[in-house]
Amino acid sequence: MAEQNLIEVKNLKKYFKVGKDAVLKAVDDVSFNIKKGETLGLVGESGCGKTTCGRTVMGLYEATDGKVLFDGVDIHKLNHKEKKKFTRRAQIIFQDPYASLNPRMTVGDIIGEGIDIHNLYTGKERTNRIYKLLELVGLNKEHASRFPHEFSGGQRQRIGIARALAIEPEFIVCDEPISALDVSIQAQIVNLLINLQKELGLTYLFIAHDLSMVKHISDRVGVMYLGTMVELAGSNVLYDKPLHPYTQALLSAIPIPDPETERKRQRIVIEGEVPSPINPKPGCRFAARCKYAKPICHEKRPEFKEIEKDHFVACHLF
């Protein structure tokens, strides 16, 4: 795998004004990088800022502060023409396969829209490209003339993947692409994404709730809590040796497919309410729910630093 970074996110912040003096800090000083050809998984509970982070990395939201470098260029400083070139190289697969497809357009037109915008193919070449994409994602060319309501959730997500691939991007943000699907379909979609990555040399930011699925697809995994990154490490390292108390609690909730082991193991239960991301208090965001919290945890925000090689943690315990 190439060591060159395709994406570098530096101290990224995305705030939303929600009142006269209230600021919702959805993404607050998050840093990570993604190498060419790798998959970075992003996990955390609902409302932690994963999707907002992904959309800001894609340029769908303007960053409040910080940088998103794509091949060394800050995407939040691009003009309209440069942004169009960037969208040719980076695409997104949305969470909801029902809401993300235009119900009035045929599948062929949905997939072909990006091809038309970027003037890639016309006429018979365009039609053949659409047919090839449908076959690539496990559908067939007869589906091109149908409308989204004629498909199941898994098939719609395949259409969404074909649309993202239509303009031959290098980088794809997968924004919880399996959370709205049946469990039996989830594995099919994840395996499809893995096969496409090998075949086309893609780079992924894979956002999800399902921790076991994230381990299956990701080279490295970042854990977010209330707008901040609390831990980042190689997939196997994070799952075998989690350091942050929040990561430990998250991983203890993954069911083990062995009844004997499942009965014996100790589940770590996080007590207390999730604090509000609106005007958060100083200190560690997890301090109010952490059984190891010390006075400094409530006063000073921990630095996100490298504890071991390629293993980053934001915690005063280390």
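Hi everyone, let's start with a helix pair: α3 passes α5 in a right-handed crossing, where right-handed means that the near helix is turned clockwise from the far one by less than a right angle, and left-handed means anticlockwise. The contact (heavy atoms within 4.5 Å) is made by Val107, Ile110 and Ile111 of α3 and Ile159, Ala162 and Arg163 of α5. By class, that contact holds 5 nonpolar residues, no polar ones and 1 charged; here Ala, Val, Leu, Ile, Met, Phe, Trp, Tyr, Cys and Pro count as nonpolar, Asp, Glu, Lys and Arg as charged, and the others, Gly among them, as polar.

A word on the source: this is a predicted model, where local features need pLDDT of at least 70 and side-chain atom pairs count only at pLDDT 80 or more, while totals for chains, interfaces and linings use all residues. Residues are numbered from 1 along each chain as its sequence is written, and side-chain values use heavy atoms, with hydrogens and water left out. Helices (H or I, at least four residues) and strands (E, at least two) are DSSP runs, numbered from the N terminus.

Back to our pair. The axes of α3 (residues 107-117) and α5 (residues 153-165) come within 7 Å and cross at roughly 30°. Axes are lines fitted to C-alpha atoms, for helices over the stretch in contact, and angles run from 0 to 180 degrees between N-to-C directions. The two helices are therefore roughly parallel to each other; that label covers angles under 35 degrees, with over 145 roughly antiparallel, 65 to 115 roughly perpendicular and the rest oblique.

Now the sheets. An open sheet of 4 strands runs β2-β1-β4-β5, with antiparallel pairing (strands pair if DSSP finds at least two bridges between them). At its edges stand β2 (23-35) and β5 (73-74), each with a single partner strand, so one side of each is left without a neighbour in the sheet. Inside that order, β1 (residues 5-17) and β4 (residues 65-70) share 5 bridges, and Lys10 stands opposite Lys67 in β4. Helix α1 (residues 50-58) lies across β1, β2 and β4, at about 120° to β1.

The other open sheet has 8 strands in the order β6-β7-β8-β3-β9-β10-β12-β11, and its pairing is mixed. Its twist averages 20° from one strand to the next. Strands β6 and β7 (residues 171-175) run parallel, joined by 4 bridges, and Ile92 has Val173 in β7 as its bridge partner. Helix α2 (residues 80-89) lies across β6 and β7, running at about 60° to β6. Thanks, everyone!
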